[in-house]
Amino acid sequence: MKRILAFVIFAVSTLACQAMTVEVQGRVVFATGPVGDDLAKFEAAFDTPGVDTVAFVNSPGGDLWTGLRVGRLIASRGFNTVAAGSCVSACSIMFMGGKKRSFSDAFRPAQTYIGIHGAHDRTTKAVNPILQPQIFAFYKLNMSDRFNAAVMNQALYDMDDSGSLLRVFDASREPKRVPFHCKSVQTLRKDCSEFKDFDALSLGIVTTNAYTALELPASFKQLPMVLGQELKAAFPDMADQLKQMSDQFCKSDPCRKLISDYSTLKDNKAIAVPVGEAGVGTTGNRDTTINAFVGAIYACNHVRGLPARLCEARVTNGYDVSDLYVSAQAAHADALVRLTAPSDKFYANEEYGGAMTSATGLRTQKVHDITPQRIDGIKVYGTQELAMALKSAQPPLVVDVWAAVNEAIPSAVTLLAGGLAFDDAQGDAIYEGRFAGLLKALSPDPAKPVVFYCQSRDCWLSVNAALRAKKLGYSQVGWYRGGMESWKAANLPVGRVIVRAVVR
């Protein structure tokens with residue numbers, strides 16, 4: 001059962017340092033990263049003799065005024081534009097300045113798209129409809145006779161928040177992936193509007209469905225990374241490593257076949273093994289290394305006919321990733337030694353908001369929203385109290401259900417995708433069965449305290465997880481409402497994310 005987990009995979013971009021990297025290679029200006037005050041960089045690059053193309057490589061957007069100025073400058077120079085990977089928000093405006101516009105095959109089709117939405121405040125994320133007419137006019141001018149007013153009006157004006165987006169894909173490689181518009185970052189995929197009769201060409205976003213081949217500069221190529229760490233320990237002899245794993249972890253022919261077939265899988269691929277027992281889980285042909293890493297753990301966690309079990313990834317593509325667990329454990333041990341209770345009880349306003357209400361049921365939608373101040377029958381921890389508890393003789397098990405960055409509260413275990421809930425009763429029951437099995441593996445004694453946390457007080461994932469644990473018979477369930485935001489506001493030490501359990 002496939003789910004869209006936009007908020008629980010570790011690829012979280014930060015726009016804290018608003019600046020693009022701009023580099024000229026031959027006749028192509030390459031630009032990547034968040035859009036900031038970068039006009040001067042582009043002007044200098046555009047003056048390079050022979051330049052005629054601008055390639056945008058995985059940009060989440062950013063400053064609107066820079067986007068419009070650079071887009072107009074590209075149009076005035078008659079340059080062509082290419083989208084390599086994702087080009088979103090202000091990046092899409094710059095891209096639309098191109099005389100000829102196309103996608104590149106530098107990244108996988110699912111990672112290659114143009115993302116369009118209207119203006120919003122970069123700090124508050126509030127939608128700013130006053131600025132939309134300028135964006136609308138720029139798109140209309142460059143889309144020419146293919147301009148679709150209805151689609152563009154929806155993209156620019158039908159916004160609940162800054163996460164609203166019209167996604168338009170590379171139709172030459174993904175003809176079945178239709179453009180779709182979600183009015184909020186929290187809109188479920190099934191509730192997004194689809195435009196089945198259109199593609200990037202018919203909407204005037206690209207001028208050709210033929211992709212442009214690009215050789216990215218070395219500094220623009222994606223490094224193999226998992227949990228924010230570059231993979232460097234490549235196996236010198238993968239065949240020998242697979243044989244060793246087969247001998248060590250397999251007691252059955254199906255297990256041995258999974259390992260022997262690994263070499264035939266397409267990247268991105270991974271192998272995970274259960275903690276303290278035989279078996280494996282494998283996955284391949286994923287869009288990213290982290291998706292492969294997580295997918296293999298999930299496949300190992302949940303094997304038909306067996307109880308849920310904890311697993312660790314050992315191989316991702318041709319790299320040894322077992323050291324990620326060793327270094328993460330060391331980071332947790334060090335953080336616990338350095339941990340002292342902060343002077344104040346609460347941080348980052350964790351005690352406020354929520355209108356003094358109490359959560360009584362799971363939330364299936366808009367999980368990134370202010371939480372109530374209480375959960376019936378569940379202990380709410382403040383930052384100071386949780387720090388003191390972790391330094392006590394009998395500390396609680398702390399469970400992270402967010403894991404969107406490679407930081408964790410000291411000693412915390414990760415239950416990845418462990419805070420979801422679904423309107424479909426049958427689907428939710430299946431999910432809860434996986435949740436129950438992995439929670440039992442992480443915390444076998446339901447009488448011992450277990451505390452769930454998420455990103456901040458604006459996250460229902462930890463509320464959902466705490467409610468499920470209580471329903472499953474855990475008698476000392478806790479909830480750290482402030483989450484990682486409050487923990488870091490108190491300047492407390494952190495460990496690294498350790499993924500051994502994926503609910504999904």
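Reader: Is Lys 41 buried or exposed, or something in between?
Author: In this predicted model, Lys 41 is partly exposed, at a relative accessible area of 35%.
Reader: And which residue does Lys 41 form a salt bridge with?
Author: Lys 41 pairs with Asp 38, and their closest N and O atoms are 3.3 Å apart. Asp 38 counts as buried, because its relative accessible area is 1%.
Reader: OK, moving on: what does Glu 407 meet in a salt bridge?
Author: The side chain of Glu 407 meets that of Lys 488, with 2.8 Å from N to O. Glu 407 sits in the loop between strand 19 (397–400) and strand 20 (413–416), while Lys 488 belongs to helix 13 (residues 483–489), so this pair ties together parts that are 81 residues apart in sequence.
Reader: How accessible are Glu 407 and Lys 488?
Author: Glu 407 is partly exposed, with a relative accessible area of 24%, and Lys 488 is also partly exposed, at 41%.
Reader: What about Arg 468, where does it lie and what is its partner?
Author: Arg 468 forms a salt bridge with Asp 428, the closest N and O atoms being 2.7 Å apart. Arg 468 is in helix 12 (residues 461–471) and Asp 428 in helix 11 (residues 425–442), so the pair links parts 40 residues apart in sequence. Arg 468 is buried at 1% relative accessibility, and Asp 428 is buried at 12%.
Reader: Which residues are linked in a network with those two?
Author: Glu 432 and Lys 471 are linked with Asp 428 and Arg 468 in a network of salt bridges.
Reader: Last one, how many salt bridges does the structure hold?
Author: The structure holds 22 salt bridges.

Technical notes. Residues numbered from 1 in each chain as written. Predicted model: local features only at pLDDT ≥ 70, side-chain atom pairs only at ≥ 80, totals over all residues. Heavy atoms only, no water. Salt bridge = Lys/Arg side-chain N within 4 Å of Asp/Glu carboxyl O. Buried < 20%, exposed > 50% of the residue type's maximum accessible area, 1.4 Å probe, protein only. Helix = DSSP H or I, 4+ residues; strand = E, 2+ residues; numbered from the N terminus.
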